[in-house]
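Look over the sequence and the structure first, then read on by topic.

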Amino acid sequence: MIDTHTHLDNPQFAADWLEMRSRAEAAGVTQCLIPNVDDETLPAMEELERAHPDFLRLMIGLHPCHVGADFSEVLDRYEARLAADPDRWVAVGEIGLDLYWDKTTLDWQVAALERQLDWAVRWNKPVSIHVREAWGPLLDVLRPRKNQVRGVLHCFTGSLEIAREVIDAGWHLGIGGVVTYKNANAIDVLREVGLDRVVLETDAPYLAPVPVRGQRNEPAHLALVRDFLAAQLGCTAREIDAVTTANAQKVFTLAPSHGGTVGQD
Ligand SMILES: [Zn+2]
């Protein structure tokens, strides 16, 4: 399995990072992709990647909740990093729109998103997109770029109608702990659209799946999401692992890993 969106630079992992990695590998997680949030997250991410190059890949981007008045200068710096060494970054992320925390910055958020989508086109990178209470404005940005940018709508919680539209436009859906929550509609959406465009993610340390909901999330818990999907969709854990890993390798252009199959169905 590949955890395609996980904040392993978060200080909540500082005390037991190596144990967290061991648990992840024991659970069948072979690789983790860390999205950037802002200037504060980058140094810790880079230090981790230097120590664990076989296990981690990094994204570069500015999170919509951290788009402030200085966003142009921040993006100038990230663009310079991307241009200097494009291979270093597996994707542009996490980028997107968030109107839950702050509606007043929508214009800045849209401008930052458009510019970062342009990078994805220029450097042929996938993107990891965050959207919260902003499906309308997000689709306004994405529709003119149909099939021009690839990537993942991370923590997908949209309607079946939106799922069908974004899949038709070439996007993948990031599925994590939220799918296991009571009243979550994502599982009903997946029953309709299938797994062809699904990748797994934890968004650790946030959004831990049932039955560890409310605790610190970590990549090992991806197995709980995989098992939930297998039970709900009537297939084996091995099948969920195989299809979501292949999807992640394709959308993020990752080399196939050596190990990584689950031990049991
Ligand atoms: Zn995130």
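**Briefing**

Pro211 is found in the loop between β8 and α8. Helices (H or I, at least four residues) and strands (E, at least two) are DSSP runs, numbered from the N terminus. The model is predicted: local features need pLDDT of at least 70, side-chain atom pairs count only at pLDDT 80 or more, and totals for chains, interfaces and linings use all residues. Residue numbers start from 1 along each chain as its sequence is written.

**The loop between β8 and α8**

- The peptide bond that leads from Val210 into Pro211 is cis, with omega near 10°.
- Thr202 also sits in the loop between β8 (198-200) and α8 (222-233).
- Thr202 is buried, because 30 other C-beta atoms lie within 10 Å.
- Burial is a count of other C-beta atoms within 10 Å of a residue's own: 20 or more means buried, 12 or fewer means exposed, and in between means partly exposed, with C-beta atoms placed from the backbone.
- Leaving aside residues up to four places away in sequence, Thr202 touches Asp3, Thr6, Gly176, Gly177, Asn217, Glu218, Pro219, His221 and Leu222.
- Contact here means that the C-beta atoms of two residues, placed from the backbone, lie within 7 Å.
- Thr202 and Leu58 are 144 residues apart along the chain, and 15 Å separates their C-alpha atoms.

**The sheet**

- Eight strands form an open sheet with parallel pairing, in the order β1-β2-β3-β4-β5-β6-β7-β8.
- β1 (2-3) and β8 are the edge strands, and each pairs on one side only.
- Two strands count as paired if DSSP finds at least two bridges between them.
- In general, strands of a sheet pair through backbone hydrogen bonds, either parallel or antiparallel.
- Strands β2 (residues 31-34) and β3 (residues 56-60) run parallel and are joined by three bridges.
- Across that pairing, Cys32 stands opposite Leu56 of β3.
- Strand β4 (residues 89-98) runs parallel to β5, and six bridges join them.
- Ile95 faces Ile129, a residue of β5, as its opposite.
- Strand β5 (residues 127-132) has five of its six residues buried, so the rest of the structure largely encloses it.

**Helix packing**

- Two packed helices are described by the angle between their axes and the distance between the axes.
- Axes are lines fitted to C-alpha atoms, for helices over the stretch in contact, and angles run from 0 to 180 degrees between N-to-C directions.
- The axes of helix α6 (residues 160-168) and helix α7 (residues 186-193) come within 9 Å and cross at roughly 50°.
- α6 and α7 are therefore oblique to each other.
- Angles under 35 degrees count as roughly parallel, over 145 as roughly antiparallel, 65 to 115 as roughly perpendicular, and the rest as oblique.
- Leu160, Ala163, Arg164 and Ile167 of α6 make the contact with Val189, Glu192 and Val193 of α7.
- That contact of α6 with α7 holds five nonpolar, no polar and two charged residues.
- By class, Ala, Val, Leu, Ile, Met, Phe, Trp, Tyr, Cys and Pro count as nonpolar, Asp, Glu, Lys and Arg as charged, and the others, Gly among them, as polar.
- For α8 and α9, the axes come within 8 Å and cross at roughly 115°.
- That angle makes α8 roughly perpendicular to α9.
- The contact involves Arg226, Asp227, Leu229 and Ala230 of α8, together with Ala237, Ile240 and Asp241 of α9.
- In the contact of α8 with α9 there are four nonpolar, no polar and three charged residues.
- Helix α9 (residues 237-251) also lies across β1, β6 (151-153), β7 (172-175) and β8, running at about 100° to β8.

**Backbone details**

- A cis peptide bond also joins Gly93 and Glu94, with omega about 0°.
- Glu94 has its place in strand β4.
- Cys155 is not a glycine, yet its phi is positive, about 50°.
- Cys155 lies in the loop between β6 and α6.
- Cys155 is buried, because 25 other C-beta atoms lie within 10 Å.
- Asn183, also a residue other than glycine, has a positive phi near 75°.
- The loop between β7 and α7 holds Asn183.
- Asn183 counts as exposed, because it has 4 C-beta neighbours inside 10 Å.
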